Amino acid sequence: MTHEQILAECREWFTDPDFGRLRALREQGRRLIGCFPVYTPEEVVMAARLVPVHLFGGGTMVEIDHADSRMQSFVCSITRSTFELGLTKRLAMLDGMLFPSICDVARNLSGLWRRNLPDHLAEFIHFPENFQSAHAVPYLRHELQRLEQRLTAISGHAPGPDDYRRTFERVNRWQAAVNELYALRAAAPWNVPLADAYALVRAGGMMPREQHLPLLEQALATWRAAGGRPQDRVRVIVEGSFCEQPSLELLQTIEESGCYVVNDDYLLGLRWHTAPLPLDGDPLEALARHILQRCVPSAVHHPGPQGRGAALLAKARAAKAEGVVFCIAKFCEPALYDFALLKRALEAESIPYLSFEFEEKMSTFESIRTQLETFVESILLFS
Amino acid sequence: MADEYRYQGTGRNLQKDMLGDWFQRLSQAPARGEPVAYLFISGNIAELLSNFGFHLVYPEVTALQCGIKKTAGNFILKAEELGYSPDVCGYVKNDIGLLHSGNASPMGKLPPPTLLVCNYSGCRTYVKWFEALAEFYKAPLFMLDVPYRRDDEIDPGDLAYVTGQMNELIALCEKLTGKRFDIDRFRADLADTAKAEEYWVRILESARRVPSPFDSYFEAVFFMAPLYTLRGSPDCLRYYEAAWREIEERIAHGIGPAGEERFRVVVEGPPPWPHFRAFWEMFQRWGVVAVASTYSKVGGLFDQGVRHDPARPLESMAEYCMNCYTNWNLGLRRDLIRRYLEDYRADGLVIHSVKSCRSFSVGQADTREVFSNEYGIPTLFIESDLADPRYFSAAQLRNRIDAFFEGLAHRKLTGAAPARPLPVLEVRP
Amino acid sequence: MGPWIVGIDVGARATRAVVLDGDGAIAARAAQPSGAFFARAAAAMFEQALDAAGVERVRVDYVATTGYGRALVPFRDLQITEMTSHGIGALHLFPGTRTVLDMGAQNTRVVALSPEGRVARFKMNDKCAAGAGRFLERVSLSLEVPLEQLGPLALQSREPQPISSVCAVLAESEVINLVSQEFRTEDILYGAHDSICDRIMPLVKQAGLTPEVTLTGGLVHNPAMVKVLRDRLGMTVNCAPDGEYAGAIGAALLGRRRWEKRGPRARPASQPRAAWPRPERRKP
Amino acid sequence: MIAAGVDVGSTATKAILIDENRHILARSCIKTGANVVKAAERVFRETVETAGIEEHDVTQVVGTGYGRYKVTFGHAQVTEISCHARGAAYLFPHTRIILDIGGQDTKAIRIARGGEVEDFCMNDKCAAGTGRFLEAAATTMALPLDEIGPLSLQHRQSIKITNVCTVFVESEILAHLARGRSPADVLRGVHLAIAGRSVALMRRVGLDPEITFTGGVSRNVGICAALEEKLERHLNVSPDSQYMGAIGAALFALDRALTGHSPAAAAAGA
């Protein structure tokens with residue numbers, strides 16, 4: 001496949017409103033489990049010989065109709081569009097949906113799913129909030145075991161240590177490649193268009209990883225070899241889209257407005273490991289430990305001693321960012337709460353930032369473009 | 001006549017005095033060098049903390065009071081100036097606005113916390129709230145993590161996890177206060193609490209009578225306060241003994257909350273505190289009594305058998321933490337509402353959806369769908385907010401409430417035949 | 001003798017142009033409604049302003065555009081967003097300006113300027129704070145008071161009627177309900193102006209409020225709006241009679257700055273200047 | 001025996017006179033304007049004059065709509081929800097669902113035979129997708145309100161309007177026009193957007209067989225087309241659709257007249 005074909009293929013996976021690729025996969029006999037953002041323990045799904053399918057809402061491809069009659073207008077888009085996909089039977093190829101605890105809205109969605117799609121498994125996973133407690137890891141291990149049992153009931157295969165080792169190896173390899181992609185973008189953003197890199201990773205969350213890894217590695221090779229030239233743009237990191245995802249068009253708008261996005265929290269659920277999973281010892285305990293201790297934090301899950309403000313500052317410095325762009329999903333309470341804390345941290349260090357809200361289904365970006373351009377002007381024009 | 005009604009109003013007045021005393025003690029705490037803990041209403045562990053001599057502050061109660069006293073609006077604006085979005089919970093913004101405006105609650109200035117205990121039962125927004133408080137006060141934050149009731153049965157692992165954390169909290173309190181945990185006092189307090197809960201359930205269930213002597217929403221939201229805020233002090237039990245006498249007396253005299261009871265409804269969702277009176281009146285003019293409500297269960301589903309138990313102190317407390325209304329999954333919530341409609345012989349369901357509380361409101365539109373379309377139960381769906389006065393549109397609400405009870409009255413009176421005057425026509429502003 | 005610069009503010013409602021002469025002084029200005037065809041309106045105002053200034057088109061050295069349609073003007077040399085241009089424009093009108101409040105028909109923008117006069121922080125309304133000008137237009141319809149009289153009449157209010165709504169459109173329904181309750185028109189009007197403040201105050205505070213405050217955009221001519229703002233902000237609010245030209249002025253000034261940096265000949269290759277526009281007639 | 005219904009809406013005030021056989025004797029519709037009481041009186045007088053009768057010939061008057069308590073000469077008030085239900089059931093006896101798109105809110109009502117309200121829903125605290133949205137669209141495109149519907153029918157393709165916020169529809173429309181989309185296509189998008197919101201609202205009360213579309217907006221052929229396309233069924237639309245509330249009110253008034261509520265009695269009771 002050519003580079004362009006790879007990207008087109010990747011986009012096809014998540015922009016096709018009928019999810020043809022997923023249905024084909026189901027017809028090949030693979031059993032699919034949908035994953036709602038953010039920190040879904042997909043390793044358990046894989047070990048049970050099921051395919052985790054990371055869904056990030058309906059984007060611009062669904063018109064929300066049935067879900068609107070079951071949800072108030074102040075519910076975030078990703079929740080409504082995901083529910084719409086379910087209600088309109090467009091996710092019929094799935095055997096179930098997993099909802100890790102990230103916010104009250106997603107949690108209640110799991111309840112709506114149970115009632116309205118009774119033939120699906122709809123599982124809510126409780127993540128410990130008390131990271132200091134000695135009981136947190138054992139509790140989460142217990143919770144993952146519960147999940148394992150429910151998934152085994154679907155696949156008919158109870159995962160053993162070997163299943164987990166193979167899974168962990170696969171996840172580690174893929175994670176390493178994704179990490180390199182991000183390193184590449186931070187080093188030479190002019191060579192790696194944001195929207196392309198994004199599409200590549202996002203498809204990885206839907207395809208069987210073994211299928212996706214070669215595509216990812218080929219694209220990496222292409223980008224490594226690319227010899228583009230830097231333009232006069234502002235290096236920024238983007239925060240606030242760890243759950244609901246902006247459309248490819250919005251991603252392009254951000255770059256067109258004069259920004260280089262050198263780090264972000266898009267698709268966080270696919271790349272939250274800060275270290276490879278250990279291949280020895282009790283796999284479920286290792287996984288629990290990772291979720292609670294070796295994990296990229298976000299507004300909905302912030303273990304670790306470092307405060308939220310400090311974590312962001314560190315991230316910005318590491319990426320040599322000149323500014324921070326908060327691209328927050330409308331009605332996303334966790335991100336909106338964090339913004340108030342984070343902006344104070346940035347102001348204290350007088351790091352310029354911009355904040356605006358988006359919705360996945362947005363089709364006009366005039367106002368956002370204006371704000372981005374002004375932000376860029378305020379850094380470039382006056383310095 | 002005078003002695004005929006000896007107890008009417010005690011529910012309200014006694015509570016005023018007790019909360020007054022509570023605040024007195026609280027405001028003197030810093031001077032006395034006594035510790036102060038901030039915690040939440042739902043699934044709170046008052047007895048455990050008061051065991052170490054903590055004075056307890058409930059930021060929700062402060063937010064609620066600001067709402068009723070109509071000062072919430074400015075605090076919310078203040079918080080929005082600080083960068084909090086118009087779309088996030090009004091309770092949180094109210095409290096944060098208050099902090100940044102001198103922290104003078106309607107009752108007076110609140111002392112800073114020695115310890116923050118985030119006992120969030122079914123509301124993750126609370127986590128965000130206490131993170132903000134911890135950042136503001138630089139006070140130690142203990143996260144009491146209460147698993148969500150995701151399945152119909154409680155997993156024993158969940159309870160073990162909660163009691164495990166409670167033991168860790170006890171250790172922390174011993175370190176902070178230098179006091180040893182007094183298990184005997186703890187058991188004694190839980191015994192009192194259990195008695196108070198018995199009385200509270202009696203009061204709630206008195207509403208099964210027709211006509212009902214008690215309004216389980218508009219009155220309950222006040223009657224329930226001591227059980228949430230005064231547990232672990234002798235006042236709590238005293239209060240419910242007195243409150244029960246008031247209800248007994250109402251039963252004896254056949255009097256109720258709304259002159260003539262014309263409609264019995266079950267209410268789902270929190271009240272709009274900034275416009276509580278106006279909201280109640282919109283129902284009173286129709287002779288509506290709320291015979292059961294879910295909001296009166298946010299601090300514990302005692303009428304569903306939840307009890308503190310001196311014999312199983314931590315275990316029973318953990319069960320209580322997990323069995324607060326908003327910590328129940330939507331299926332459990334629906335079944336509860338359905339039971340209420342039947343057991344309390346209600347004419348309809350009123351869903352008041354508030355923007356602030358996603359934990360409550362996401363799913364209510366679906367609940368409405370189930371009850372109205374599947375069970376065929378007259379259901380009214382109205383929206384405003386529990387804290388933000390900007391979301392209350394009197395004209396709109398009144399219009400919907402009037403239309404709903406016009407329809408109910410019509411059905412009660414005539415089945416289907418329309419060509420008769422609607423009795424509701426005589427209703428005047 | 002310096003360059004002749006034209007600044008054009010292509011707003012969603014109105015298009016305005018100013019001409020800076022060789023000494024950087026404002027030689028002429030022109031304005032008309034934008035309509036649906038921005039390029040056309042921009043060209044027309046370009047022409048009109050130059051005619052008013054009595055300069056030949058060929059004498060123009062640099063054209064800077066700003067506002068909603070800034071990117072739709074083919075003969076521009078530089079495009080700047082309205083927030084940057086209003087900031088610089090306000091600074092020109094009132095050199096002490098630290099906070100710029102630009103209130104137009106649809107958008108409200110707050111720009112905080114650093115002491116050195118650079119855009120430090122800014123905030124733009126989201127949906128619900130939007131439509132200040134449009135809101136007043138609708139109010140003038142439902143109260144049957146001509147737009148230009150809204151302000152003066154509101155100032156006669158003795159007991160203002162609070163109007164509380166997060167959404168301009170619902171605030172409007174509230175106005176209608178107040179009318180039906182027969183409150184005095186001036187009291188409702190004052191409340192209406194005050195409710196605009198309610199909706200934009202968070203923006204102001206988030207961008208950071210430092211005196212002096214300068215009001216620009218369409219609402220500068222509304223005395224009630226100015227008074228309400230003064231009361232709410234607790235400080236005087238600068239208003240220039242040509243405050244609605246701040247965007248065009250700012251664009252022109254930045255254009256001049258840019259021209260001086262780049263020198264007379266240099267022009268960004270990315271933006272080759274299209275032929276000067278021919279004056280177009282708008283089809284009726 | 002003659003009964004009257006007066007519907008005081010946020011934008012228009014309407015009145016209807018009917019006789020004891022429920023025949024409509026006269027109808028009138030005026031702009032509500034700033035003085036609601038006057039508007040109610042004026043519209044009532046107009047109908048009386050068209051019917052060529054005296055005001056005291058009218059036995060009962062029922063007021064409805066947002067300004068129903070401003071119908072000072074009314075003997076009683078009923079919400080527009082009950083009235084639209086009653087009116088629709090009278091004009092289309094098989095109606096189960098009523099959609100009423102008004103100036104500031106949209107209602108979906110489910111009724112039983114005879115017009116008894118079983119269930120209803122209204123748009124929440126956001127004016128998105130109400131009649132006001134169409135007005136905004138019309139003003140933005142500098143077209144008279146009654147022309148946008150027909151024009152939208154001439155679309156070639158339709159544009160997805162995602163933003164149903166009335167305040168912001170302007171910039172979205174301008175953006176599309178700037179990209180060279182035809183006004184007809186843009187308007188088609190506008191009408192589909194409102195139809196979408198309305199259908200979602202109707203789903204809440206259940207999409208039963210026969211739907212009657214009432215309120216001023218129902219005269220807009222563009223909306224009707226968009227709705228019928230989305231619902232894949234025909235909608236009842238009466239030429240009197242904007243009078244639906246007034247007709248229902250008049251029927252309630254007639255009920256009272258027939259059961260002998262004399263004005264005096266009502267006045268005494270009131």
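**A helix pair in chain D**

H4(D) and H7(D) are oblique to each other. The reason is the angle: helix H4 (residues 145-152) and helix H7 (residues 221-231) of chain D pack at about 40°, and an angle counts as roughly parallel only under 35 degrees. Their axes lie 6 Å apart. From H4(D) come Ile148(D), Gly149(D), Pro150(D) and Ser152(D). They meet Val221(D), Gly222(D) and Ile223(D) of H7(D). By class, this contact has four nonpolar and three polar residues, with no charged ones.

Now step back to the whole of chain D. The model is predicted, with an ipTM of 0.86 and a pTM of 0.89. Chain D averages a pLDDT of 87, and 93% of its residues score at least 70. One stretch needs care. Over residues 262-270 of chain D, pLDDT stays under 50. The model has seven contacts beyond four places in sequence for that stretch. Where pLDDT is low, the predicted coordinates should not be read in detail.

Chain D is divided into two parts: domain 1 (2-84 + 244-269) and domain 2 (94-237). The C-alpha centres of these two domains of chain D lie 28 Å apart. Eight residues of domain 1 of chain D are in contact with 11 residues of domain 2 of chain D. On the domain 1 side, helix H2 (residues 80-91) of chain D supplies the largest share, three residues. That side divides into three nonpolar, five polar and no charged residues.

**Chain C**

Turn to chain C. Its secondary structure comes to eight helices and 10 strands. Of its 284 residues, 60% count as buried. Among contacts in chain C with a separation of 6 or more, 69% join residues 24 or more positions apart.

The domain assignment gives chain C a domain 1 (4-85 + 245-262) and a domain 2 (95-239). Their C-alpha centres lie 27 Å apart. Seven residues of domain 1 of chain C are in contact with eight residues of domain 2 of chain C. H2(C) gives the most to the domain 1 side, with three residues. By class, the domain 1 side has three nonpolar, two polar and two charged residues.

Two loops of chain C deserve a look at the backbone. The peptide bond from Pro211(C) to Glu212(C) is cis, with omega near -5°. Glu212(C) is found in the loop between helix H6 (185-207) and strand E9 (213-216) of chain C. Glu144(C) has a phi near 55°, a positive value in a residue other than glycine. Its place is in the loop between helix H3 (132-142) and helix H4 (147-154) of chain C. Is Glu144(C) buried or exposed? Glu144(C) counts as exposed because 12 other C-beta atoms lie within 10 Å, and 12 or fewer is the cut-off.

**Chain A and its partners**

Chain A shows backbone features of both kinds. The peptide bond from Pro37(A) to Val38(A) is cis, with omega near 5°. Val38(A) lies in the loop between strand E1 (32-35) and helix H3 (42-47) of chain A. Phi of Lys320(A) is positive, near 50°, and the residue is not glycine. Lys320(A) sits in the loop between helix H12 (308-318) and strand E7 (323-329) of chain A. Lys320(A) is exposed, with 12 other C-beta atoms within 10 Å.

Next, the contact with chain C. Nine residues of chain C are in contact with 10 residues of chain A. Helix H2 (82-93) and strand E8 (119-124) of chain C each give two or more residues to the chain C side. E8(C) gives the most, three residues. The chain C side divides into five nonpolar, two polar and two charged residues.

Then chain B. Here 38 residues of chain B are in contact with 33 residues of chain A. Elements giving two or more residues to the chain B side include helix H6 (125-137), strand E6 (141-145) and helix H7 (156-177) of chain B. The chain B side divides into 14 nonpolar, 12 polar and 12 charged residues.

The axes of helix H13 (residues 333-348) of chain A and H6(B) come within 10 Å and cross at roughly 5°. H13(A) and H6(B) are therefore roughly parallel to each other. Glu333(A), Pro334(A), Tyr337(A) and Leu341(A) make the contact from H13(A), and Thr125(B), Lys128(B), Ala132(B) and Glu135(B) from H6(B). These residues divide into four nonpolar, one polar and three charged.

Note on methods
Residues are numbered from 1 along each chain as its sequence is written. Chains are lettered from A and ligands numbered from 1 in the order in which they are written. This is a predicted model: local features need pLDDT of at least 70, side-chain atom pairs count only at pLDDT 80 or more; totals for chains, interfaces and linings use all residues. Two residues are in contact if their C-beta atoms, placed from the backbone, lie within 7 Å. Helices (H or I, at least four residues) and strands (E, at least two) are DSSP runs, numbered from the N terminus. Ala, Val, Leu, Ile, Met, Phe, Trp, Tyr, Cys and Pro count as nonpolar, Asp, Glu, Lys and Arg as charged, and the others, Gly among them, as polar. Domain bounds come from an automatic or database domain assignment. Axes are lines fitted to C-alpha atoms, for helices over the stretch in contact, and angles run from 0 to 180 degrees between N-to-C directions. Angles under 35 degrees count as roughly parallel, over 145 as roughly antiparallel, 65 to 115 as roughly perpendicular and the rest as oblique. A residue is buried if 20 or more other C-beta atoms lie within 10 Å of its own, exposed if 12 or fewer, and partly exposed in between; C-beta atoms are placed from the backbone. pLDDT is the predictor's confidence in each residue, from 0 to 100.
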